[in-house]
Amino acid sequence: MHANGAMRLTPRGVRRLRRAALVVVLLPVAYYQLCVIGIVYLRFFPPVATAVQLQRAVERSLDDREPIRRYRWRPIDEISRHLPHAVVAAEDARFYRHIGFDWEEVQDAVRESQRSGEPVRGASTLTHQLMKNLFFTTHRNPVRKLYEWGLTPVAHWILGRDRILELYVNVVEFGPGLFGAEAAARYYYETSAAALTREQAARLAAVLPDPLRRRPWAMDNYSAIIRERMRQLGW
């Protein structure tokens, strides 16, 4: 240490600092690459678990509650066609017209922010939401959004729309411990995902913005709006 109290780094200390800086830089790149490998895997196989499922298990454990995970994968042809239609109508009406980024929605969000003075809302597409469910958590932060946007073109190229929708309806959270169409259909309606009616599907889609608080039987108004959107989309 110098007489003025300043710390002098030795050459060995400089090397350690450089290695630490390199690790900090490379870790995000490595995680991105792992996510891409995960997307390739998901092109052919269902996920064993998702980041949001693990998040909920940890949250319940921290609250001294037993973790719950009801999750059953079903191929898209074993899920009522009404549910994917309702999900698209509720969450991403231009899903079949964009390639992962809904620029019309982004522009609407920016204009709304300018009018209200509030921060720009998410304008997330189903692909963004799928990336969040698979690889991240529900906690909002700019880093997560950067990853979502960076992974979206890769997901669209590798998975395609049909597989994205199949994955989404199988992993999305429909209630505490409820993940995917089959678990939600069994829990709320005591039926299979294949047997869901148009109204039941709309009610399930209506809980997606806040699945820990919303319940299908309380979604009369919003589910009616979703059914009308479905009609407008030709479903």
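In the predicted model, glutamate 148 forms a salt bridge with lysine 145 (a side-chain nitrogen of Lys or Arg within 4 Å of a carboxyl oxygen of Asp or Glu), and the closest N and O atoms are 3.3 Å apart. The two residues are three apart in helix 6, and so are separated by about one helical turn. Glutamate 148 is buried, with a relative accessible area of 1%, while lysine 145 is partly exposed at 23%. Buried stands for under 20% relative accessible area, exposed for over 50%, and partly exposed for values in between, with a 1.4 Å probe and protein chains only.

Residues are numbered from 1 along each chain as its sequence is written. Because the model is predicted, local features need pLDDT of at least 70 and side-chain atom pairs count only at pLDDT 80 or more, whereas totals for chains, interfaces and linings use all residues; side-chain values use heavy atoms, with hydrogens and water left out.

The count of salt bridges comes to 13. Another joins glutamate 166 to arginine 163, with 2.7 Å between the closest N and O atoms. Both residues lie in helix 7, three residues apart, and both are buried. Arginine 74 pairs with glutamate 182 at a closest N and O separation of 3.5 Å. Arginine 74 lies in the loop between strand 1 and helix 3 and glutamate 182 in helix 8, so this pair ties together parts 108 residues apart in sequence. Glutamate 182 is buried at 1% relative accessibility, and arginine 74 is partly exposed at 23%. Arg56, Glu59 and Glu173 are linked in a network of salt bridges.

The protein chain contains 10 helices and three strands; these are DSSP runs numbered from the N terminus, with helices (H or I) of at least four residues and strands (E) of at least two. Helix 6 (residues 142-158) and helix 7 (residues 160-171) have axes that come within 6 Å and cross at roughly 110 degrees. Helix 6 is therefore roughly perpendicular to helix 7, a class that covers 65 to 115 degrees. Axes are lines fitted to C-alpha atoms over the stretch in contact, and angles run from 0 to 180 degrees between N-to-C directions. Ala155, His156 and Ile158 in helix 6 meet Gly160, Arg161 and Ile164 in helix 7, where contact means heavy atoms within 4.5 Å.

In helix 8 (residues 181-189), the buried residues include Ala181, Glu182 and Tyr188. Their cover includes strand 1, helix 3, helix 7 and helix 9. Just after helix 8, glutamate 190 takes a positive phi of about 50 degrees.

Terms used: Angles under 35 degrees count as roughly parallel, over 145 as roughly antiparallel, 65 to 115 as roughly perpendicular and the rest as oblique.
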